[in-house]
Amino acid sequence: MYRTKLEQFTRAETLSCTANRLSAHTHTHTHTHTHIPNAHSAMPHASTKHLGATTSDAKVYGNFDTHFFNGQDEVGKDGVLRLDPKYRAQSGFPEFLPEWDPRQKLPALRFHEYHDPALRADPTLPHILGAAGAADTPRVRKITPKLGTEVEGVQISQLSDAGKDELALLVAQRGVVLFRKQDFAQYGPGFAVEYGRHFGRLHVHQTSGAPRGHDPLHITFRRPDVKEFHRVFNDSVAAVGWHTDVSYELQPPSYTFFSVLEGPAGGGDTLFSDSITAFERLSPTFQEFLSTLHVVHSSKEQAFNSASQGGIQRREPVTHVHPLVRVHPVLRRRSLFVNRSFSRRIVELKKPESDRILEFLYDLIDHSHDLQLRASWEPGTVAVWDNRRVHHTAIIDWEEPILRHAFRITPQAERPVEDLKYLNDETYYPSEDAN
Ligand SMILES: O=C(O)CCC(=O)C(=O)O
Ligand SMILES: [Fe+2]
């Protein structure tokens, strides 16, 4: 089953990615497999015992999530955490407001097969691009030549299953698609959840708020309060936090739906960067080298940030090892799967080597404007991005006390693979929770 470099890793080793277990393992056994120098230091030093992260770890990796915030939000008599009533009162979308229930505890996520809906799609995309010769064909505009498309004239809420499959294919091909003038939000959070199920098993986030009874919705809510702005810039010079969503999970997401329900009249944009083009910019020699590497991703610092603000923890924090270069099952192209928010360490390299290479790759993805686009929000815009392919960051560029409220639907994809022969192979490079 395990060939070439995969032979170098065993289940026992991968399981031993925990600081203690790995160091014990590497000291007591002499295997012929790849040495992973100081791999235990990929794990953050534990000071907050149950989370395995420290304040300085958490600071290094940023805190851009909108967790519950003790002191600014409300602890209900029922024990449920909510936004302060004065913020709730300003919302035009109360059904989508977040709550956090500290008693909610979920089991670890387990492997499941993923069958990409785009692989079922009619490649001529008749439901999205319109049937040939039809009078009212949708307006479709490329945002940049390689990345991003804007579509007007399709109500995605009305798509049949075949139409949803086509939507997935278009999003895979373009990385991100902005559907304008959508009626999606008016059907409420329950519709959004059911709709998302077509694209994969829905992810429930470890710390974020969700509307009551609709846990799979991930809510971003910037409070209409200058304190929100001050908190972001307190120790930062820019409100930019490039990432791919929840890359620490065993099966991070694919077709991710995101809609800003209300926000600043101009600004509050979201930036996207294409990690396929980023990979293709590299020299063939460097591409091949990177394709041999694997990376530890961690949710511990995000969990710490939530806890330090009085927020919740639905699941135990996790670390997982993913290939640095993954292959997209629909496009059959390779992309760089590392991000500053959750990637921690290249397991095969020494720490200074890992640090420099990761920094180089983050820099390429985060700062190369010629592989990026800037998505602006209008009322009714629904963006769908392929989280396997693009990185994104919110932009906080307003200073007035403005409310910005968005919801995300996050279907989980396949476990990232370095070669499609491992697609849906549960035993591929086993990296069970490394806790
Ligand atoms: O608020 C934004 O523009 C993006 C938020 C984000 O990163 C997310 O919900 O995944
Ligand atoms: Fe995100």
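Colleague: Which residue stands opposite Ile-346 in E14?
Modeller: Val-295 is the one opposite Ile-346 there. This is a predicted model, where local features need pLDDT of at least 70, side-chain atom pairs count only at pLDDT 80 or more, and totals for chains, interfaces and linings use all residues. Residues are numbered from 1 along each chain as its sequence is written, and chains are lettered from A and ligands numbered from 1 in the order in which they are written.

Colleague: How many bridges join E10 to E14?
Modeller: Three, with strand E10 (residues 294-298) and E14 running antiparallel. Strands (E, at least two residues) and helices (H or I, at least four) are DSSP runs, numbered from the N terminus.

Colleague: And what order does that three-stranded sheet have?
Modeller: E11-E10-E14, an open sheet with antiparallel pairing; two strands pair if DSSP finds at least two bridges between them. Strand E11 (319-323) and strand E14 (343-346) are the edges.

Colleague: New topic: what's the order in the seven-stranded sheet?
Modeller: E4-E5-E6-E16-E8-E18-E7, open, with mixed pairing. Strand E4 (139-142) and E7 each have a single partner strand, so one side of each lacks a neighbour in the sheet.

Colleague: Which residue in E16 partners Phe-258?
Modeller: Ala-383 is its bridge partner. Four bridges join E8 (residues 255-262) to E16 (residues 382-386), and these strands run antiparallel.

Colleague: Which residues are around ligand 1?
Modeller: Phe-258 again, along with others including His-218, Asp-245, His-392 and Arg-408. A residue counts as near a molecule if its C-beta atom, placed from the backbone, lies within 6 Å of it.
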